[in-house]
Amino acid sequence: MRKLTFLIFTFIILTGINVGKAQTALPYSINFADSQEGWTAVDESSIPGNTWTYMPKWAYIQGKYYGSIVLKMDYSSASNDYYISPDFSLEAGKTYAAEFNICSQSDGNANTVSFEYGTSNSDMNAFSKLSDVTLNDNSEYPAAQKVEIKVNENGKYYFAFHCTSQQFNGTVLLFEFKLYEEGGSVIDPPDEPIVSIPYHVDLTTDYADWTAVDNNRDSHTWTPVNNFGPMLEMPLTGQNDDDYFSPKISLKGGVTYKITTNVAVQGYPKGYDVVTLTQGTDKTNMTPLKQLNLINSGENIEENYFTPGADGDYYFSFYNTSNSGGNTLQLYSFAIEEYAGTITPETEIYTTDFTGTDPLKEWTIIDSNNDNVKWAIIDGYTGPSYDGNLSMSAADDWLISPALDMVAGKDYLIRYTISQAGAFEADELTIKYGTAPTAKGLDKELAKETINLNSGSVEKIIRFTCTESASTYIGFNLTTPVPNGIVTINKISVVQTSKAQPMSVENLDVSSNFTQKNVTFKWKNPSYDVTNAPILSPVDINIYENGVRVGSVENCEAGSTGTYTYNPKNFGGIVTYKVTASLNGIESLPVEFEINLDDVQGEAAVVREFMTANDYTEWIVENKDGGNTWQQITYEDGGMSVKRGNKDIHDDWAITPGVTLEPNKRFIISLEKTNKKGQMSS
């Protein structure tokens with residue numbers, strides 16, 4: 001039956017019968033993916049046989065197939081092919097406009113296509129050229145081209161796309177056509193999708209509403225790959241200039257939003273990798289929000305904040321301006337939601353990226369071990385570097401900042417990026433501060449860092465409370481015990497900030513015991529505050545029931561797991577619990593958990609265990625999309641899986657055998673699955 005259906009479908013195409021209503025009145029609009037009614041292909045090539053043809057799945061742009069009119073490569077002769085419209089009644093003295101969306105694939109010789117008009121659809125000599133057609137590549141959906149039309153006398157006119165390319169031409173793809181009178185009504189394009197807050201998208205699989213734009217038209221732009229996400233390699237020469245736009249997102253003016261991004265770096269991060277998060281209501285006039293920190297090999301998760309000045313529909317974009325020499329970058333996810341907390345205020349005290357004519361001016365360098373190997377600017381490295389390849393012994397070298405005015409009792413953040421190149425061992429770095437730019441004068445230790453990247457960079461954050469009001473110096477003391485590679489401090493900033501607010505607790509789980517009438521809480525303490533600085537002192541955990549604090553656990557180690565059991569006075573009903581972390585009296589945002597205490601907890605009696613490796617024949621599989629579908633896994637622990645095919649969207653059902661259930665009983669369904677990375681979860 002499947003083969004018969006295919007033959008009938010092919011016959012319909014070849015005979016030119018199309019579904020849809022003819023539309024020759026103005027304004028006129030047609031999308032060739034939906035209909036081709038009234039249009040005719042005429043092959044005037046010296047060796048006919050290859051001409052304009054409708055193809056439902058030939059145009060593949062940014063991970064999506066489009067139906068289109070296709071003129072494939074002609075292997076036999078030069079092209080002389082017309083794709084001709086139905087007739088339109090036009091009047092002399094009026095001005096008309098045609099718009100069309102067309103592009104080509106770079107899979108053959110360059111194409112020549114003209115847009116023409118004439119008074120006959122059978123006599124090709126009646127056609128005259130109105131305009132040459134611009135054929136950009138298919139790295140993005142082609143923008144509409146507009147041609148103005150005036151006729152000398154009233155009558156019926158046809159329009160044609162006339163291809164006169166040489167033999168072995170590239171493929172031409174025609175998508176849409178519009179014709180209307182200037183000043184009259186125009187058929188508007190479909191509305192863009194508008195999403196609301198909160199908006200969370202996994203870009204490895206869900207990118208249909210996102211759009212890549214190749215600004216420099218080098219045929220090298222963000223390309224979505226299913227299960228991997230949009231990807232963009234470094235340019236071979238020059239610089240990328242590529243946006244990856246979100247759909248419109250409705251935001252309220254004056255409201256602060258938290259934006260969470262995840263960008264992966266394939267390889268060791270380099271200064272050549274540049275992606276900026278931008279925002280705006282017009283794709284042609286976007287404003288930078290933040291250059292993203294690409295400091296990790298693999299995933300780079302980052303939170304930023306945005307407060308729009310007015311209500312509106314906003315775009316966001318991953319704007320890639322990487323230079324040659326960088327890495328392939330992948331977009332994993334994007335999320336935006338209203339931010340219930342307050343943004344930590346920061347006042348910049350000092351910042352430098354060590355560029356300029358004298359980048360170490362006012363910095364102090366001390367060669368404590370007198371081996372003449374010390375911090376210096378080295379060609380090819382951005383920032384002061386220490387070349388351990390020249391050393392014969394352990395390092396003991398200081399790099400000390402200029403004097404910074406600090407106030408006792410105020411909190412400060414030091415953010416710095418450090419990188420290694422060609423290191424065989426870990427580099428050891430101690431950060432101190434004090435009131436004199438000497439090893440002795442830097443008497444207060446802030447952190448000890450072990451840098452073990454081999455090659456790559458990492459951003460570090462240190463929070464401290466200044467103990468006295470004075471001109472203060474920050475020193476980096478390198479004490480690597482053996483000769484090593486090159487270590488570089490790429491940039492540093494110091495800001496004054498408010499007192500630390502911890503991040504929220506993680507992995508909160510709340511369970512009840514109906515028999516013992518108690519509630520058990522389990523969680524993980526935060527490791528960082530909201531500025532991403534490590535928490536170095538104990539935190540307290542507070543537990544609230546319907547807004548009232550009912551318990552606390554004090555002096556909890558940051559990053560460790562915790563548990564607490566509570567016996568409510570009135571056990572029952574639906575209860576909302578909140579758990580916060582507190583640091584020096586400042587609480588985190590709460591994490592909520594709603595639970596029905598009337599649920600009966602106890603030993604679970606298994607009703608039916610489905611082992612798909614053993615009972616696969618009892619399952620019902622429905623393949624709704626006609627592509628790959630559920631298949632039995634016959635190795636290891638068994639199961640069922642769907643192989644990736646040439647479709648981005650699947651519609652496949654795996655339906656269990658029947659199970660007898662009793663009314664008024666509580667049942668639990670447990671499912672084990674494996675994700676694309678091979679990780680199993682329940």
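**View A. Glu303 is partly exposed, with a relative accessible area of 32%.** Buried here means under 20% relative accessible area, exposed means over 50%, and partly exposed lies in between (1.4 Å probe, protein chains only). The model is predicted: local features need pLDDT of at least 70, side-chain atom pairs count only at pLDDT 80 or more, and totals for chains, interfaces and linings use all residues. Residues are numbered from 1 along each chain as its sequence is written, and side-chain values use heavy atoms, with hydrogens and water left out. Glu303 forms a salt bridge with Lys258, and their closest N and O atoms are 3.7 Å apart. Glu303 belongs to strand β23 (residues 298-306) and Lys258 to strand β20 (residues 257-266), so the pair ties together parts 45 residues apart in sequence. Lys258 counts as buried, at 18% relative accessibility. A salt bridge is a side-chain nitrogen of Lys or Arg within 4 Å of a carboxyl oxygen of Asp or Glu. Helices (H or I, at least four residues) and strands (E, at least two) are DSSP runs, numbered from the N terminus.

**View B. Arg415 forms a salt bridge with Glu346.** The closest N and O atoms of Arg415 and Glu346 are 2.8 Å apart. Arg415 sits in strand β32 (residues 411-421) and Glu346 in strand β26 (residues 346-352), so this pair ties together parts that are 69 residues apart in sequence. Glu346 is partly exposed, with a relative accessible area of 37%. The whole structure holds 18 salt bridges.

**View C. Asp411, Arg463, Lys499 and Asp529 are linked in a network of salt bridges.** Within it, Asp411 pairs with Arg463 in a salt bridge, with the closest N and O atoms 2.9 Å apart. Asp411 lies in strand β32 and Arg463 in strand β35 (residues 456-465), so they tie together parts 52 residues apart in sequence. Are Asp411 and Arg463 buried or exposed? Asp411 is buried, and so is Arg463.

**View D. Glu545 is buried yet has no salt bridge.** Glu545 is in strand β40 (residues 539-545). Which side chain of opposite charge is nearest to Glu545? It is Lys569, 9.1 Å away. Lys and Arg count as positive and Asp and Glu as negative; His and the chain ends are not counted. The side chain of Glu545 does make a polar contact with the side chain of Tyr566, at 3.1 Å. A polar contact is a pair of N or O atoms within 3.5 Å; within protein, one must be able to donate a hydrogen and the other to accept it, and residues adjacent in sequence count only if both atoms are side-chain atoms. Neighbours within four places in sequence aside, Glu545 is in contact (heavy atoms within 4.5 Å) with Val550, Tyr566, Pro568, Val575, Thr576 and Tyr577.

**View E. Phe593 is found in strand β45 (residues 591-596).** Phe593 counts as partly exposed, at 24% relative accessibility. Not counting residues up to four places away in sequence, Phe593 touches Leu508, Asp509, Val510, Val575, Thr576 and Tyr577. Ile336 is 257 residues from Phe593 in sequence and 22 Å from it in space, C-alpha to C-alpha.

**View F. Gly155 lies in strand β11 (residues 155-163).** Gly155 is partly exposed, at 27% relative accessibility. Leaving aside neighbours within four places in sequence, Gly155 is in contact with Phe88, Ser89 and Leu90. Gly155 and Asp43 are 112 residues apart in sequence and 26 Å apart in space, C-alpha to C-alpha.

**View G. A cis peptide bond joins Leu26 and Pro27.** Its omega is about -5°. Pro27 lies in the loop between α1 (2-14) and β1 (28-31). The peptide bond from Ile197 to Pro198 is also cis, with omega near -5°. Pro198 lies in the loop between β13 (194-195) and β14 (199-202).

**View H. Asn372 has a positive phi, near 65°.** Most residues other than glycine have a negative phi, and most peptide bonds are trans. Asn372 lies in the loop between β27 (364-367) and β28 (376-377). Asn372 is exposed, with a relative accessible area of 63%. Phi of Asn454 is also positive, near 65°. Asn454 lies in the loop between β34 (444-451) and β35, and is partly exposed at 35% relative accessible area.
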